[in-house]
Amino acid sequence: MRIVVDMQGAQSPGSRNRGIGRYSMAIAKSIVRNRAEHEILLVLNGRYADTIEPIREAFKDLLPAENIRVWHSIEAVAHGDQGSVQRRHGAELVFEAFLETLQPDFVYITSLFEGQDSDTVTSIGQLGDRFPVAVTLYDLIPYIYPSIYLQHPNAEAWYQDKVEHLKRAAVCLSISESSRQEGLQHLSLRPDGVVNISTDADEWFHPVEVSASRRQALAQEYGLDRPFVLYTGGIDHRKNVEGLIRAYAKLPPQLRQQYQLAIVCSIQPAARKMLEALMHEHGLEQKDVVLTGFVSDEDLRDFYNLCSLFVFPSWHEGFGLPALEAMRCGAPVIAANTSSLPEVIGWDDALFNPRDDGEIAALMRKSLEDEAFRDALKQHGKQQAGKFSWDESGLRAIRAMETARLQRVALQRPAEASIHRRKLAYVSPLAPQRSGISDYSGELLPSLSKFYDIDVVVAQAEVTDPWVVANCKIRSPEWLVNNAEDYERVIYHFGNSEFHQHMFDLLKVVPGVVVLHDFFLSGIMAHMDLNGSVPGAFSRALYASHGYAALHHRHRARDISEVIWEYPCSRDVAQDALGMIVHSASSVRLARQWYSDDQSGWTVVPQMRDAQQKWSREDARKALGFSDDDFLVCSFGMLGPTRLNRRLLDAWLESALVNDKKCHLVFVGENHGGDYGHALTTLISERAVGSNVRITGWADTATFNQYLAAADVGAQLRTLSRGESSRTVLDCMAYGKPVIVNANGSMADLNPDAVWMMPDQFEDQDLVDALEALRGDEVRRARMGTLARDVILTQHDPSSCAMQYRDAIESFYEIALRHPAFLARTIVSQMGITAPDAQIKSAVAIARNFAPANRRRQLLVDVSTLRGNVDAQASAAACTILKSWLEQAPAGYRVEPIYLNDEGQYRYARDFVAQLLGYSDAALRDEPIDYWRGDVLLQPGLASDSGEADEDIAASGVAIHAFSSWERALSDARITKE
């Protein structure tokens, strides 16, 4: 299992220096030591920055550094204003969503009842039952005694809320059998859902020889002038310190003269005043009872070792750790006979009724006067303390989580078809827009409607698709923005054309799943930039997707088209999406090549094709004017350089088919509008014999299907694939046609038995051979066509593909709360946040916790000492090295020069880079940096003199390297091996 341990119990101001803090550290260490094959991650709250490094240091020999993660809460959670409850709820959502990103098999919260007056955030089940949670059950004292501990309405509301969280835990790990029984009796928890894992004392507490000088120093510091009876554990009503003082007052005067009473713990001024009044009331002098206030662990251990007797009079404890600590140090210990203390002490003779001052006094007197009894207490304490073990507690905790997980798996049944039909917003161009995606959506929607209630969202004046008009509500993008909460699911169909330009901003505002029909979106990004609809869009897309090298390329290129063809510019869409659906493994390979090796957010759903044939071969040929014995080769789709239409025409003209009057080559589609198209028509008119080669021009759906039915062979060639799947290849296969392809892009993934597969970089003779072979082998054509159609029926069937769409959409929404934008919308919605500053704070907290998908690690290079000195001779070597890195980043990294401004904030040095590389681009400005775990910060020349910025960045898991010289910093190969 992967067990994620929340360590806030060891961080919060109210717990870190008390028993809960010690317990949290000790049980976590025990679980780590005894983890066996389990993986353990520790999670720390970034709001307690001063605790992060000490905890990392404590675990440095037990866990790899990368197994300790830091999350960042929404700011000002602890403020006691009206909005604090709202902020806390938002922080709980962030906390749980962050935990989910770690993909835990189990989460263990070491201290659930935290955060009433601090920035600690603990939560169970606010986002649903997404992972099982274990919690430490210390006690239910406030729940059992509400009139004492929950007098204030706010305190009661907060505590009761935490109790509800506790009830949602998969297993409660009680620290004693007593606290286990409290859970069963007072909260009706399941017996198998509460496991006693017990506890132990910190190894710090053990017998030591306290020197005479040390004794004298303690006596002088704390006012101890004789042997003493010790109590430690806090001042609280249930601790019964007042009863202890009254019992001490009942001791014979000569015994009190012989022994002082030392109350060792933090004492607030009001409590001190109350205890001093009680002492005076019972005739005690101030020197009889010493109130030390807070003492260090070293002093406390010495007190345990020096005391003549340790008394623990509390009438309710979850465990009673001070009693065990005292026994571990060899002290004679007596305690109350209530709650958990009999388990800890383990001997009835050492117990008293804490509500009877006389009984307490009697056992104190016996322990102090009867040396044999006191020795027996010491001996028993030594044996009893040996029964407690942190390793045993850790093993019990692990076994409890293992058992709970097995029970959870056993109870989970295969998901049945949901009766509830979720409401889906479907964003895509539709007919009459002349777009392949419009046609595709028209075919997909009826099948997808089996699973969803669908509204279509379009940015066009009319929709003419009959099925859509009859079955869907048609909405505008503005409607979707204003009514996003009405939709449980949103899906976008992105392509590289002007029909999709409204979707980029819409996706940022209303996150959803993206179907990426074209991996390259550089064409539409350049179009929006150059036509002025979104100035700077292309520059920002180049920079965001590909860094400074691509931006530099744009500014030095003679023809912007070469930049458009070189770079995909689709990273922002991939990051904004909740998940990516593509139609072939080719697009996934491109994503891995251009963006990140982690492609867990990408799913391949085969492009849907309806295998229903609209025309028979005989009727189609009759309509088109071909005879039954004509041999018809068709190439479908718009003509252009990437479709290699000229290569097909050249091969046709070189083949034997060109002289056969029965052989026809038809390009079914609109001709290229430039020189390429003109050259094709010229060559056809000059060299084609008769009319056996022609270009149809744009073909409507009916004509297109007629040619599909009439054709004997399809020829669909490609180069410079943009990641899109070839719909026309699938069209040919759906009609049972053998189709000639080259292994370019997605076509390389086709079944080679179902198509005539040529190499990507084929020779003209390869194509000539294919055309002539298929012309002369009707049996082979039939066999290939049958297999091709079977592929469509089994892999591209509309019902099957729609089901795969449904499964992909639902799987992405299952983990949608790991996505920053979706989580932000959820928090704003659930919390009702309307104030812009609160929304901004929420967004900042979310952004710091969740690194975007499809990103390369950043190599953040501090250029604070170089800014303004680009041309200085002393900086020339550094600038030369930096330029080489910007033009060719180290493998797996994105190079980002940054600088520290006057406010101690790191910002991206975009203006500096433009000056360095010799271009100007107003689309990019210096902005505060984003950074995440796995990034690396280089500080050549120790440029930063602000520790705060470095500590904050380091807390997020960014590796910081400071070097004495630029040359060493930028040439050190270790940087790329982080």
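In the lining of the largest cavity, how many residues are nonpolar, how many polar and how many charged?

Author: Its lining has one nonpolar residue, five polar and two charged (Ala, Val, Leu, Ile, Met, Phe, Trp, Tyr, Cys and Pro count as nonpolar, Asp, Glu, Lys and Arg as charged, and the others, Gly among them, as polar). Before we go on, this is a predicted model, where local features need pLDDT of at least 70 and side-chain atom pairs count only at pLDDT 80 or more, while totals for chains, interfaces and linings use all residues. Residues are numbered from 1 along each chain as its sequence is written, and side-chain values use heavy atoms, with hydrogens and water left out.

Back to your cavity. The residues around it are R718, S721, E724, S726, N744, G745, S746 and M747. A cavity here is a set of points on a 1 Å grid over the protein atoms alone where a 1.4 Å probe fits but cannot get out, and lining residues have an atom within 4 Å of a point. The largest one holds about 40 Å³, a volume being the space filled by probe spheres set on the points, which are joined across faces, edges and corners.

Searching the whole structure turns up two cavities of 30 Å³ or more. Helix α1 (19–33) contributes the most, three residues; helices (H or I, at least four residues) and strands (E, at least two) are DSSP runs, numbered from the N terminus.

Now for the strands. There's an open sheet of seven, in the order β16-β15-β14-β17-β18-β19-β20, paired in parallel (two strands pair if DSSP finds at least two bridges between them). β16 (473–475) and β20 (602–604) sit at the edges with a single partner strand each, so one side of each has no neighbour in the sheet. From one strand to the next, the twist averages 25°. Inside the sheet, β14 (422–427) and β17 (489–494) run parallel over four bridges, and Y426 has I491 as its bridge partner in β17.

Helices pack on this sheet too. α27 (585–594) touches β19 (579–582) and β20, and its direction makes about 160° with that of β20. α35 (798–814) touches β14, β15, β17, β18, β19 and β20, at about 115° to β17. Contact means heavy atoms within 4.5 Å; axes are lines fitted to C-alpha atoms, for helices over the stretch in contact, and angles run from 0 to 180 degrees between N-to-C directions.

Elsewhere, helices pack on each other. The axes of α22 (522–530) and α23 (537–546) come within 7 Å, crossing at roughly 140°. S522, M525, A526, M528 and D529 of α22 meet A537, F538, S539 and A541 of α23, which makes six nonpolar, two polar and one charged residues. α23 also packs against α24 (548–556) at about 145°, with the axes 6 Å apart. F538 and L542 are among the α23 residues in that contact, and Y548 and L551 among those of α24; by class the contact has seven nonpolar, three polar and one charged.

One last stop: β2 (39–45) and β3 (68–71) run parallel, joined by four bridges, with N45 partnered by W71 in β3.

Key. 1 Å grid on protein atoms, 1.4 Å probe; cavity = no way out; pocket = protein on both sides within 12 Å on 5 of 7 lines; lining within 4 Å.
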